[in-house]
Amino acid sequence: MARQHRSSLAFISPVIAVVVWELLALAGVLRANYVPPPSQLGPHLVGLLAGGELWRHLGVTLYRLSLSFLFALIPAVLLGLGLGMSRSLRLALEPILNSLYAIPKIALLPLVMLVLGVNERTLIFTSTLTSFVQMTVSTTGGVLAVDRSILEAGKNYGATGWRLFRYVLFPSALPDIFTGMRIGLGLTLVLVIAVELTAAQEGLGAFLWTAGQTFAAKDMFSAFIVIGSLGWILTYGLERIGRRLMPWQQRSSAAMFS
């Protein structure tokens, strides 16, 4: 019952936003030529999806997003774990990591284009940088935040080396790792769209750019809806995966001490 109540609450604000949007359009506050009301936008979006054009752009964006995120995930987690466990490595690489963290990754696109040229590799590499840095920082913070008393308890129960890492350190840092993954996935989507706006012929960003240049307001808002929905679905799905994994990790840790 409580879960159903929380699920229903999640839909209240979008419904209210849509109703207010429609009412403002009916009252003439919003001009339909520039901000089409939901009653017009809904059928137009369905038509775009039925025609297949929007699905094609969505597929290209998902392809770039998947590759960018996966290419960043494993190196970022491994480097973050290493930085968290090794003070020497952290002191050596932290200045570079902090510098990259502060630079807007889209600003690196001209440099990457000079090195790799204007191609698919450039788009994916630029998008990969954002999630890589974010997940590395989050993983490092998760390892450093592990309570030392938990590590001592693990050692007292005989966990050393790989067993200490597998059953104590990694499960304790896992919530921060998943938080970094969720944020990194969202940021990767932002960068993919931004790069497509700048240097792509296909993808939701390119579709959005074309709509803006041709003053096709319905196409533009349709792209906004699809991008927003995609971001919500992906981050929510990753959150659900994290919730399922956490109890499993906790049971593994308890089994080691039993």
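The structure holds 3 aromatic pairs, and the model they are seen in is a predicted one.

**View 1. Trp21 and Phe221 make a tilted ring pair.** The ring centres of Trp21 and Phe221 lie 5.9 Å apart, and because their planes meet at 45°, the pair counts as tilted. Trp21 sits in helix α1 (residues 2–26), while Phe221 belongs to helix α10 (residues 217–257), so this pair ties together parts that are 200 residues apart in sequence. Phe221 has a relative accessible area of 16%, which is under the 20% cut-off, so Phe221 is buried. Ring pairs also bring in Phe224, giving a cluster of Trp21, Phe221 and Phe224.

**View 2. Trp232 and Tyr236 form a stacked pair.** Here the two rings are 5.2 Å apart, centre to centre, with 5° between the planes. Both residues lie in helix α10, and their spacing of 4 residues is about one turn of the helix. How exposed is Tyr236? Its relative accessibility is 34%, so Tyr236 counts as partly exposed.

**View 3. Helix α3 has a kink at Leu73.** This helix covers residues 53–85. Look for the kink of about 30° at Leu73, shortly before the proline Pro75.

**View 4. Glu53, in helix α3, is in contact with Phe207.** The C-alpha atoms of Glu53 and Phe207 are 9.3 Å apart, although 154 residues separate the two along the chain. Setting aside neighbours within four places in sequence, the contacts of Glu53 are Leu48 and Phe207. With 37% relative accessibility, Glu53 counts as partly exposed.

**View 5. Helix α4 has a kink at Leu93.** The bend at Leu93 is about 45° and comes shortly before the proline Pro95.

**View 6. The whole chain, for orientation, has 10 helices and 0 strands.** Of its 258 residues, 39% count as buried. The chain exposes about 14700 Å², with carbon and sulfur atoms supplying 68% of that area. Among contacts between residues at least 6 apart in sequence, 74% join residues at least 24 apart.

Note on methods
Residues numbered from 1 in each chain as written. Predicted model: local features only at pLDDT ≥ 70, side-chain atom pairs only at ≥ 80, totals over all residues. Heavy atoms only, no water. Helix = DSSP H or I, 4+ residues; strand = E, 2+ residues; numbered from the N terminus. Expected span 1.5 Å × (residues − 1). Bend = angle between axes of the 7 residues up to and from the residue. Buried < 20%, exposed > 50% of the residue type's maximum accessible area, 1.4 Å probe, protein only. Contact = heavy atoms within 4.5 Å. Areas by Shrake-Rupley, 256 points an atom, 1.4 Å probe, with all protein chains shown as cover. Phe/Tyr/Trp six-rings, centres within 6.5 Å; stacked < 30°, edge-to-face > 60°.
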